[in-house]
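Open the model in your viewer and keep the selection tool at hand. The stops below say what to select next and what is there.

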Amino acid sequence: MDLKEKLISSFLAFENNVDLDHPVHEVRSEAIKNFENKGFPSKKEEAWKYTSLNNLQKVDFSIFPKEESTLEYKDVKKYFLHEIDTYKIVFVDGVYSSYLSETTHDGVDVCLMSSAFSKPMFRQVIEVYFNKIASKDESLTTLNTAFSKEGAYIYIPKNKMPKKPIQILHLATGNEAALMLQPRNLIVAEDNAEVQIIERHQSLTDNEVFTNSVTEIFAGKDANVDYYKVQNDAPTASLVDNTYISQKDNSVVRVHTFSFGGKLIRNNLNFYQNGERIDSTLKGVTILGDKQHVDHHTLVHHRQPNCESHQDYKGIFGDSSTGVFNGKIIVDKIAQKTDAFQQNNNILLSDRATINSKPQLEIFADDVKCSHGCTIGQLDDDALFYLRSRGIPKKEATALLMYAFANNVLESVRIPELKSRVNKIIANKLGVRIGFDL
Amino acid sequence: MAYTEEELKKELETKEYEYGFYTDIESDTLPKGLNEEIVIAISKKKEEPEWMTEWRLEAFRAWQEMEEPEWANVTYKKPDFQGISYYSAPNKKPKYDSLDEVDPELLDTFKKLGISLDEQKKLAGVAVDIVMDSVSVATTFKKTLAEKGIIFCSISEAIKEHPELVKKYIGTVVPKKDNFYAALNSAVFSDGSFCYIPKGVRCPMELSTYFRINQAGTGQFERTLVVADEGSYVSYLEGCTAPSRDENQLHAAVVELIALDNAEIKYSTVQNWFPGDKEGKGGVFNFVTKRGLCEKNAKISWTQVETGSAVTWKYPSCVLKGDNSIGEFYSIAVTNNYQQADTGTKMIHLGKNTKSTIISKGISAGQSQNSYRGLVQVSSRADNARNFSQCDSLLMGNRCGAHTFPYIEVKNKSAQIEHEATTSKIGEDQIFYCNQRGIDTEKAIALIVNGFSKEVLNKLPMEFAVEAQKLLEISLEGSVG
């Protein structure tokens with residue numbers, strides 16, 4: 001039985017565990033129908049031209065983990081940003097772990113989708129926001145919608161800001177030979193609210209994990225949202241991450257994606273600007289080796305005048321890795337005075353590595369400033385020589401240059417501890433000790 | 001009077017097609033529709049050898065299996081392929097030695113188009129192989145060319161007189177099953193040009209052909225094959241205008257360029273087919289496959305000025321097969337009213353130290369859609385490949401659209417690829433700067449549009465640049481300057 005059939009038949013079992021009278025269930029039934037029609041995307045579709053899910057479909061994933069797993073904090077401490085105090089929403093094999101988590105209802109709501117679905121006090125928020133911007137058409141998103149039950153629920157009311165950043169951590173224990181996870185997150189920052197979120201998916205064993213995640217983020221007027229995605233997973237873990245962001249007037253949303261590991265990563269990052277004077281920032285650093293595959297698919301849809309968007313994706317590709325960048329900027333007719341910028345720089349370190357880049361512009365307004373740039377090249381030989389002539393060994397010199405290359409993206413990280421953590425991961429990845437933080 | 005962009009826009013929209021007319025020449029036309037008999041009939045009419053007929057039939061069979069591509073960023077009513085007559089030749093077709101013998105009506109057509117097939121052209125050193133509805137009716141300068149060993153004739157003549165060359169090269173760059181329109185063309189092409197430059201010969205003059213679509217309801221299926229043998233050089237020009245017709249006319253041409261070792265081909269196109277009227281009615285569908293193959297140290301340079309056609313679907317490409325070969329693409333695409341253009345290039349880097357340059361300028365006005373679609377591909381064996389791409393779009397008014405779809409696929413670490421694209425309108429500060437220096441707004445806009453496209457216009461051969469300027473003027477420049 002292939003994965004699609006398995007998922008569709010599992011939906012019946014899934015229905016036994018959820019409240020069928022809840023309005024959300026209608027959304028789920030609609031979604032599974034769409035997935036049944038569409039199935040998994042194939043390479044024939046333009047959006048999936050460079051990324052194949054065929055191998056994943058051959059794996060016999062368990063849709064529901066059979067037993068509950070427990071983990072000791074000390075074993076997984078290193079996956080947390082433990083240097084600072086944070087709220088934590090932790091899932092082990094897709095099941096909420098209250099033992100590892102720290103949630104709150106003090107002024108802001110940092111809790112679970114399952115309770116948001118079941119408790120009447122959240123009903124209104126769910127009705128207003130749930131599945132409102134997530135695609136009702138894209139097959140993997142609708143697959144997630146169909147199975148939406150658990151995930152992080154973060155609601156920040158007007159003029160509020162949580163006391164500390166929020167970490168969302170998905171751990172896979174490997175109790176199952178192969179596990180499919182479908183977390184569904186909803187993040188709402190009302191007018192003038194502010195929130196910082198760090199998300200990480202981590203597999204603890206060599207067993208296959210396939211995560212199909214959907215996150216919806218709503219930023220109200222003057223809201224400020226920082227979202228950091230740390231992707232440094234085991235070589236057997238695959239991730240399809242769908243993020244949909246809706247912004248209102250004067251809001252600022254920044255999404256940073258750090259892709260350092262995993263077998264196959266696909267990031268679908270979609271920004272919809274539904275107001276004026278909005279600032280959207282999309283930044284990413286990708287450093288890959290082995291046979292890893294990372295596909296960044298971004299969309300910024302400028303729907304209102306006087307907005308800005310900044311995209312900056314840097315990639316370093318070694319061994320037989322493959323990098324894909326597909327960025328799209330759409331500027332509607334009425335979105336005059338848009339300032340949209342998109343940049344994608346890549347360095348290839350190996351002859352077996354591949355980079356496919358497709359930066360697109362679709363512009364319907366005339367008074368706009370839109371530009372994109374894309375480069376593919378190598379490290380500058382002169383710079384390398386300069387460093388080596390000053391006694392810096394080749395390996396360190398190379399790493400230093402790569403740091404410099406990626407630094408633009410790291411600069412705008414607003415949590416210093418996260419920045420130094422990412423720097424450490426990069427140093428690890430490049431196999432050097434530089435001895436200082438950049 | 002201050003000239004505003006608003007007025008410019010208005011002028012652009014109301015600009016009717018100036019070259020719209022229809023010459024009544026009796027044509028020898030095959031019945032509408034397409035089947036094996038028609039393909040055989042075309043081949044027979046052209047008095048072609050059996051291998052050619054067979055080749056056409058193979059292409060036709062492949063075409064039947066194919067589906068019309070839909071990926072381009074254009075929308076149009078698909079042509080009814082059975083509602084087209086696939087062959088139409090002016091039925092008085094004697095071979096002329098001098099212009100005096102040519103049908104005066106035909107000469108008049110060219111005069112209206114401002115093409116001097118007479119002394120002026122001779123002085124300019126241009127040999128013209130005119131294709132009027134698929135059959136070449138006049139050829140000049142043949143003798144001069146023949147002295148150098150250059151073959152420049154219609155493709156049907158080449159099939160008869162130089163079958164060994166045609167057989168060797170036709171379909172090698174654009175295989176007959178390459179795509180839907182290339183297959184269709186391979187099956188039914190009625191005529192076109194053939195050019196062969198022998199080893200080490202530098203073609204002393206610019207070679208040019210003019211295509212027209214004249215007979216209502218006939219599709220134009222031209223086939224051009226240019227072969228530059230080792231160390232040779234040729235500059236080839238192609239220009240087009242078509243009379244106004246309400247029915248959409250289909251044009252599916254195939255152009256193949258082959259540059260052998262150390263050869264250089266410069267291929268320039270000025271296209272000004274009927275773009276449809278202000279309501280977007282009528283106009284030519286231009287679905288063209290153009291591709292060049294570069295052997296060692298060879299160079300192919302495409303230059304195009306696209307101002308016409310209702311729908312354009314055109315990607316002149318270079319396959320950089322030999323080491324040190326160079327591919328270039330310079331393009332201006334102007335769309336107005338309801339025109340749609342999806343155009344760009346493909347640079348396929350296969351050899352070592354290959355270089356390519358892409359400069360694409362898009363100007364959209366009215367309610368038109370202008371897309372750049374390009375591919376830069378570097379294979380794993382293409383060490384030190386270098387590419388520079390620049391795609392700039394200029395928008396006039398907020399009812400048009402400019403789109404960019406560049407594909408970059410790199411499999412070699414020594415490759416150096418740069419791509420940049422910008423979209424803008426004519427900046428207020430630019431106009432202000434000009435005003436400040438005493439240049440009125442009208443002149444300023446003309447200056448800026450000129451400057452925007454000059455980078456490409458400069459690449460056109462001298463003899464052609466004037467005509468290209470004229471076409472741009474009709475579409476844009478004339479209305480601002």
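Of the contacts in chain B with a separation of 6 or more, what percentage do residues 24 or more positions apart account for? The figure is 85%, where a contact means two residues whose C-beta atoms, placed from the backbone, lie within 7 Å.

This is a predicted model, in which local features need pLDDT of at least 70 and side-chain atom pairs count only at pLDDT 80 or more, while totals for chains, interfaces and linings use all residues. Residues are numbered from 1 along each chain as its sequence is written, and chains are lettered from A and ligands numbered from 1 in the order in which they are written.

**Chain B as a whole**

Select chain B. Its secondary structure comes to 12 helices and 24 strands; helices (H or I, at least four residues) and strands (E, at least two) are DSSP runs, numbered from the N terminus. Of the 481 residues in chain B, 56% are buried. A residue is buried if 20 or more other C-beta atoms lie within 10 Å of its own, exposed if 12 or fewer, and partly exposed in between, with C-beta atoms placed from the backbone.

**A buried strand residue in chain B**

Now select B:A259, which belongs to strand β11 (residues 254-259) of chain B. B:A259 is buried, because 33 other C-beta atoms lie within 10 Å.

**Two loops with positive phi**

Most residues other than glycine have a negative phi, and most peptide bonds are trans. Select B:N297, in the loop between β13 (284-294) and β14 (299-306) of chain B. Its phi is near 55°, a positive value in a residue other than glycine. B:N297 is buried, with 20 other C-beta atoms within 10 Å.

Then move to A:D319, in the loop between β16 (308-317) and β17 (322-331) of chain A. Phi of A:D319 is also positive, near 45°. Is A:D319 buried or partly exposed? A:D319 counts as partly exposed because it has 13 C-beta neighbours inside 10 Å.

**A covered strand in chain A**

Select strand β12 (residues 252-261) of chain A, where 8 of the 10 residues are buried. Strand β10 (residues 224-232) of chain A runs parallel to β12(A), joined by 9 bridges; two strands pair if DSSP finds at least two bridges between them. Along this pairing, A:N224 stands opposite A:V252. β12(A) also pairs with strand β14 (residues 279-288) of chain A, in the parallel sense, over 8 bridges. Here A:V255 has A:L282 as its bridge partner.

Two packed helices are described by the angle between their axes and the distance between the axes. Select helix α8 (residues 381-389) and helix α9 (residues 394-411) of chain A: their axes come within 9 Å and cross at roughly 130°. Axes are lines fitted to C-alpha atoms, for helices over the stretch in contact, and angles run from 0 to 180 degrees between N-to-C directions. α8(A) and α9(A) are therefore oblique to each other; angles under 35 degrees count as roughly parallel, over 145 as roughly antiparallel, 65 to 115 as roughly perpendicular and the rest as oblique. α8(A) passes α9(A) in a right-handed crossing. A crossing is left-handed if the near helix is turned anticlockwise from the far one by less than a right angle, and right-handed if clockwise. Among the residues that make the contact are A:L384 and A:L387 of α8(A) and A:A397 and A:L401 of α9(A).

Next select helix α2 (residues 23-38) and helix α7 (residues 139-146) of chain A, whose axes come within 7 Å and cross at roughly 145°. This crossing of α2(A) and α7(A) is left-handed. The contact includes A:A31 and A:F35 of α2(A) and A:T142 and A:L143 of α7(A).

**Where the chains meet**

Finally, show both chains. The contact takes 31 residues from chain A and 30 residues from chain B. On the side of chain A that touches chain B, the largest share, 10 residues, comes from β19(A). β19(A) runs antiparallel to strand β23 (residues 401-410) of chain B, and 6 bridges join them. To end the tour, select A:L361, which stands opposite B:T404 in β23(B).
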